[in-house]
Structure formats: structure tokens, C-alpha cells
Amino acid sequence: MGVYHTPIFFICRLPEKPAFKPQKGMLLLDGIQDPGNLGTILRTADALEIPVALLEGCADPYNHKTVRAAMGAVFRTSVVQTTWEEARAACAKAEIPIAVTALSDSAQDLRTAALNRMAVVIGSEGRGVRQEVLDTAGVQLIIPMNPHCESLNAAIAAAIVMWQMKVS
């Protein structure tokens, strides 16, 4: 006997887009283009109760690959989308410093930063955080790693930052 698959079709309404509200200990995603990475980040953020906002250039949070990787997180949490300018202005008004992850000699070891009092930007898989964001954010952070490693996958970097937010 063969296995038969019955096609399923359904229609659902996407949730209303919530307004951006800056919070201490939140993640700002800048240009995360891979739906699998975005879904993994959203799933991890849901597990660790870390608020997330998507900046310009991110994959569609309701793309089927994002939804699959998120394992339901997009339905349990509010997916907030905003612009860098709006996020920067709102964080400044709320007196929440913004840090960016960067491969820079002047970047601070993220283990020494009070991440639970900041908003932290994670950049895209290929180019990292946009120059505009690097130039206007406050602190640059680096995830310490073996010198022979160039970088980490965006979802892994985000998971490390989120974990550090919980323990700092």
C-alpha cells in the first residue's frame, strides 16, 4: 500500500502589525535575509522571552520557510517590523542604548556589557550590520571566538547574544 497525501488548502488573515515599542534587552534584526535564520532567531527569542524587532531588509516573517523554522513562534509572539530611524529615535527617547555586533578591533567583548539594559542589533548573514546603523549606534560588541574563525551564522550569533542578555 502506498502512502497518499491529501492536498490541504487554507486561508488565514495575517495579524495586525504591532507598533514598535523599545525595550531593554531586545534584539533588532538588520537585514536577516535567510528565512531559516530568521525563523531560528524568532524561535530562540520566544524560548528565552527576548523581544525582537525586524528592521529593513529582513525576510518575510510569514514566509513558509520562516514559519517552519520558527516552530510556531510567529503565532505565539508579536512580530514587530520597523525602520532603523524609528527604532533609533524610540530607543533614544526611552534612554535605551543601542549596541551592534561587529567584527571590529575596537568592539567590546559582549560578556562585559550589560546587554539586558540595551537593544542589540544583529546584522545580515553576508555583510553584517549596515554602515548607517554602525555609524549611528552607540556601542560595538564582538562575540569572542577562536582567531582562525571569521564569523558566525547570524542565528547562532543572535542566540549567543540572547543568552548573554539573560545572564548579564
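This text goes through a predicted model, from its sheet to the helices and then to single residues.

The sheet is open and has 7 strands, with parallel pairing. Read across, the strand order is E3-E2-E1-E6-E4-E7-E5. Strand E3 (80-81) and strand E5 (108-109) form the edges. Each of these two has a single partner strand, so one side of each is left without a neighbour in the sheet.

Strand E4 can be followed residue by residue. E4 spans residues 98-101 and pairs in the parallel sense with strand E7, residues 139-142, over 3 bridges. Within that pairing, Val-100 has Gln-140 of E7 as its bridge partner, and Thr-101 has Leu-141 of E7. E4 also pairs with E6, again in the parallel sense and over 3 bridges. There, Ile-98 stands opposite Ala-119 of E6. The two faces of E4 are both covered. Ile-98 and Val-100 are buried on one side, and Ala-99 and Thr-101 are buried on the other.

Which residues of H4 are buried? They include Trp-84, Ala-87 and Cys-91. These residues are on the same side of H4, because the arc they cover around the axis is only 65 degrees. The buried residues of H4 are covered by elements including E1, E4, E6 and helix H5 (131-136). On the face of H4 turned away from the buried side are the exposed residues Ala-92 and Lys-93. Just after H4 comes Glu-95, with a positive phi of about 60 degrees.

The loop between E3 and H4 contains Thr-82. Is Thr-82 buried or exposed? Its relative accessible area is 7%, under the 20% limit, so Thr-82 counts as buried. The side chain of Thr-82 makes a polar contact with the side chain of Glu-86, at 2.5 Å. Setting aside neighbours within four places in sequence, Thr-82 is in contact with Phe-20, Ala-53, Leu-54, Leu-55, Glu-56 and Ala-87.

Helix H6 holds Val-167. With a relative accessibility of 48%, Val-167 counts as partly exposed. Val-167 and Cys-91 are 76 residues apart in sequence, and their C-alpha atoms are 22 Å apart in space.

Helix H1 (residues 35-48) has 14 residues. From its first C-alpha to its last, H1 reaches 20 Å, close to the 20 Å expected at 1.5 Å a residue. At the start of H1, a side-chain oxygen of Asp-34 comes to within 2.9 Å of the backbone nitrogen of Gly-36. The buried residues of H1 are Pro-35, Asn-37, Leu-38, Gly-39, Ile-41, Leu-42, Ala-45 and Leu-48. What do the buried residues of H1 pack against? Their partners are strands E1 and E2 (52-54), together with helices H2 (64-70), H3 (73-76) and H6.

Glu-49 is exposed, with a relative accessible area of 67%. Met-71 is found in the loop between H2 and H3. Although Met-71 is not a glycine, its phi is positive, at about 50 degrees. Met-71 has a relative accessible area of 52% and is exposed.

Conventions
Residues numbered from 1 in each chain as written. Predicted model: local features only at pLDDT ≥ 70, side-chain atom pairs only at ≥ 80, totals over all residues. Heavy atoms only, no water. Pairing = 2+ DSSP bridges. Helix = DSSP H or I, 4+ residues; strand = E, 2+ residues; numbered from the N terminus. Expected span 1.5 Å × (residues − 1). Buried < 20%, exposed > 50% of the residue type's maximum accessible area, 1.4 Å probe, protein only. Contact = heavy atoms within 4.5 Å. Polar contact = N/O pair within 3.5 Å; in protein donor to acceptor, adjacent residues only side chain to side chain. Arc of directions from axis to C-beta.
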